[in-house]
Amino acid sequence: MAQVAAASARTSSSSSSSSVPPSSAGRPKFAATPSTVPLVNVCADIARRVDSYLVTTPASESPDAAGLRQATKDRIRESLSVISEALKRYSIDELAISFNGGKDCLVMLVLLLASLHYHSSQFPPQKIHTVYVHSLNAFPEVDAFVNDCVALYSLDLIRLPTPMKAAFQKFLDAKPHVKAIMVGTRRTDPNGAELTYFDETDHGWPKFMRVHPVIDWHYAEVWHFLRELEIKYCILYDLGYTSLGGTTDTYPNPALRMDTGGDSTGEQTFMPAYALVDGNKERWGRTK
């Protein structure tokens, strides 16, 4: 399933970036690659990878690595249980996902695809209702990655600009049958600390059930999962970005700056996002 594999979409960690978002001309290009793989096959392939990961225990692994692997397996099982419960409560046509190309909602999407395979007798795979609420200053690389996911994973995607509340209202106006939206919020995100797996909207938001399958994932577990399963992710993460917003408020994480004096042009270089050791520094590259 080369079309679904991740390796071709990632750059090496030697890619360069400055401490401010480079110009569009200076950033690597990431072209969407149309897929001809049926969604049922994509779901089966993703489920195979998840199943293989869950039963694999390397013969030789450091205690820290083994601990991370076990924690990630626990998170996977928790998330699959949440998604399974959502599929009991709602039909696939009543479910949607909020997807902005970031690492957390990518984990959520991958596990939903695996779940659709596990529940294929009840929910034959079909295009997934998706809302992409984008910054008015979105990175071209993020837009391109979202385009690629639309092709790879058969997303029925509607793009809407911020603000978030108005965007969700427009999405629900266009998809009035949708009753629940899966969101890739994690406990450490702003306003994420008190969330549960299922939370009704409130405070004047359009009415729907928010489903949070990855709420309890940690930063290291997210990257371990994506890299172990070889899931394609946005190229900006290989340039030192650890949390993605817009071009005016998102920068390579200073905690990943390499003390090498810069590349051949004198620009600073950064390690990839998965090299960040302290997950508490995940948003150090964000101004909001």
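How do H3 and H6 lie to each other: parallel, perpendicular or oblique? Select helix H6 (residues 219–228) together with H3, and you find the two packed at an angle of about 55 degrees with their axes 10 Å apart. H3 and H6 are therefore oblique to each other. (Under 35 degrees counts as roughly parallel, over 145 as roughly antiparallel, 65 to 115 as roughly perpendicular, and the rest as oblique. Axes are lines fitted to C-alpha atoms, for helices over the stretch in contact, and angles run from 0 to 180 degrees between N-to-C directions. Helices are DSSP runs of H or I with at least four residues, strands are E runs with at least two, and both are numbered from the N terminus.)

Before going on, a word on what you are looking at. This is a predicted model, where local features need pLDDT of at least 70 and side-chain atom pairs count only at pLDDT 80 or more, while totals for chains, interfaces and linings use all residues. Residues are numbered from 1 along each chain as its sequence is written, and side-chain values use heavy atoms, with hydrogens and water left out.

Now colour by pLDDT, the predictor's confidence in each residue from 0 to 100. The chain averages 87, and 85% of its residues reach 70 or more. Residues 1–33 stay under 50. Where pLDDT is low, the predicted coordinates should not be read in detail.

Back to H3 and H6: show side chains. Lys-103, Asp-104, Leu-106, Val-107, Val-110 and Leu-111 in H3 meet Tyr-219, Val-222, Trp-223, Phe-225 and Leu-226 in H6, contact meaning heavy atoms within 4.5 Å. By class that gives 9 nonpolar, no polar and 2 charged residues. (Ala, Val, Leu, Ile, Met, Phe, Trp, Tyr, Cys and Pro count as nonpolar, Asp, Glu, Lys and Arg as charged, and the others, Gly among them, as polar.) The crossing of H3 and H6 is left-handed; that is the case if the near helix is turned anticlockwise from the far one by less than a right angle, and clockwise makes it right-handed.

The crossing here is right-handed. From H2, pick Ile-76, Ser-79, Leu-80, Ile-83 and Leu-87; from H3, Met-108, Leu-111, Leu-112, Ser-115 and Tyr-118. This contact has 8 nonpolar, 2 polar and no charged residues.

Next, bring in H1 (residues 39–55), which packs on H2 at about 135 degrees with axes 10 Å apart. H1 passes H2 in a left-handed crossing. Val-50, Tyr-53 and Leu-54 of H1 touch Arg-69, Thr-72, Lys-73, Ile-76, Arg-77 and Leu-80 of H2. The classes are 5 nonpolar, 1 polar and 3 charged.

Time for the sheet. Select the strands: 6 of them form an open, mixed sheet in the order E3-E2-E1-E4-E6-E5, and two strands pair if DSSP finds at least two bridges between them. E3 (155–161) and E5 (198–200) stand at the edges with a single partner strand each, so one side of each is left without a neighbour in the sheet. Zoom in on E5 and E6 (residues 209–211), an antiparallel pair with 3 bridges; Glu-200 has Met-209 of E6 as its bridge partner.

Two backbone stops remain. Most residues other than glycine have a negative phi, and most peptide bonds are trans. Ser-154, in the loop between H4 (140–153) and E3, has a positive phi near 55 degrees. Then centre on Thr-162 and Pro-163, joined by a cis peptide bond with omega about 15 degrees; Pro-163 sits in the loop between E3 and H5 (164–174).
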